[in-house]
Amino acid sequence: MSKSIFTQKALAEAFKNLLLEMPLSKVSIKDIVARCGISRNAYYYYYKDKYELIWWIVEYELKEIVKIYDPSLELSDTYAAIFHHFYNNKKFYYTCLEYQGQNSLYHYLSNLFFDLTYEKLLPFTAILISDVS
């Protein structure tokens, strides 16, 4: 594992543990780096704010799920695997979804599910168009 990924995973773990103790609005970058034992500069090398860290966590964890995803499965199977992950990490997701402003997890997940659905359905639209022609 590269030093970069190791540092990012350490920041993510510290952040997730802090969210078990306090609401998202109360978690500061200072808290995260203190828990993790790295400098603020190191944090800002990777992320501009805590919302970018949330995105990284979600992206990293969902990529692991999608990596083992069999493309021949139905879209519903992909969603089921993702929702199973959400359920297993519900405290993290509930806490992060409380924030509804700019750069919110809600907007990120909306885009993610749109992209997943679009990617899966795009081949079918080409078939339908060719059938009509």
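Student: What is the mean pLDDT of the chain?
Tutor: The mean is 83, and 83% of the residues reach 70 or more; pLDDT is the predictor's confidence in each residue, from 0 to 100. This is a predicted model, where local features need pLDDT of at least 70, side-chain atom pairs count only at pLDDT 80 or more, and totals for chains, interfaces and linings use all residues.

Student: Where is confidence lowest, and where is it highest?
Tutor: Helix 7 (residues 105-132) is lowest, with a mean of 69, and helix 2 is highest, at 96.

Student: How many helices and strands does the chain have?
Tutor: Seven helices and zero strands.

Student: Why is Glu21 called exposed?
Tutor: Set the value against the cut-offs: buried is under 20% relative accessible area, exposed is over 50%, and partly exposed is in between, using a 1.4 Å probe and protein chains only. Glu21 has 51%, so it counts as exposed.

Student: And what makes Arg35 partly exposed?
Tutor: Its relative accessibility is 38%, so Arg35 falls in the in-between class.

Student: Why is Thr78 called buried?
Tutor: Thr78 has a relative accessible area of 5%, which is under the 20% limit, so it is buried. You'll find Thr78 in helix 5. Across the chain, buried residues make up 33% of the 133 residues.

Student: Why do Lys16 and Glu61 count as a salt bridge?
Tutor: The rule asks for a side-chain nitrogen of Lys or Arg within 4 Å of a carboxyl oxygen of Asp or Glu. The closest N and O atoms of Lys16 and Glu61 are 2.7 Å apart, so the pair qualifies. Lys16 is in helix 1 (residues 3-19) and Glu61 in helix 4 (residues 50-67), so the bridge ties together parts 45 residues apart in sequence. Both Lys16 and Glu61 are buried.

Student: What makes Glu21 and Arg35 a salt bridge too?
Tutor: Their N to O distance is 2.9 Å, so this pair also meets the 4 Å rule. Glu21 sits in the loop between helix 1 and helix 2 (29-36), and Arg35 in helix 2, 14 residues apart.

Student: How do you know which side of helix 2 is buried?
Tutor: Ile29, Ile32 and Val33 are buried there. They cover an arc of only 90° around the axis, so they lie on the same side of helix 2; the arc is that of the directions from the helix axis to the C-beta atoms. Facing away from that buried side are the exposed residues Lys30 and Ala34.

Student: What makes a group of residues a nonpolar core?
Tutor: They must be buried Ala, Val, Leu, Ile, Met, Phe, Trp, Tyr or Cys residues, joined through side-chain atoms within 4.5 Å. The largest one here has 32 residues, and those with the most contacts inside it include Phe15, Ile32 and Leu53. Helix 4 gives the largest share, eight residues.

Student: Which residues is Leu53 in contact with, leaving aside neighbours within four places?
Tutor: Leu11, Ala12, Phe15, Ile32, Tyr43 and Tyr47; contact means heavy atoms within 4.5 Å.

Notes: Residues are numbered from 1 along each chain as its sequence is written. Side-chain values use heavy atoms; hydrogens and water are left out. Helices (H or I, at least four residues) and strands (E, at least two) are DSSP runs, numbered from the N terminus.
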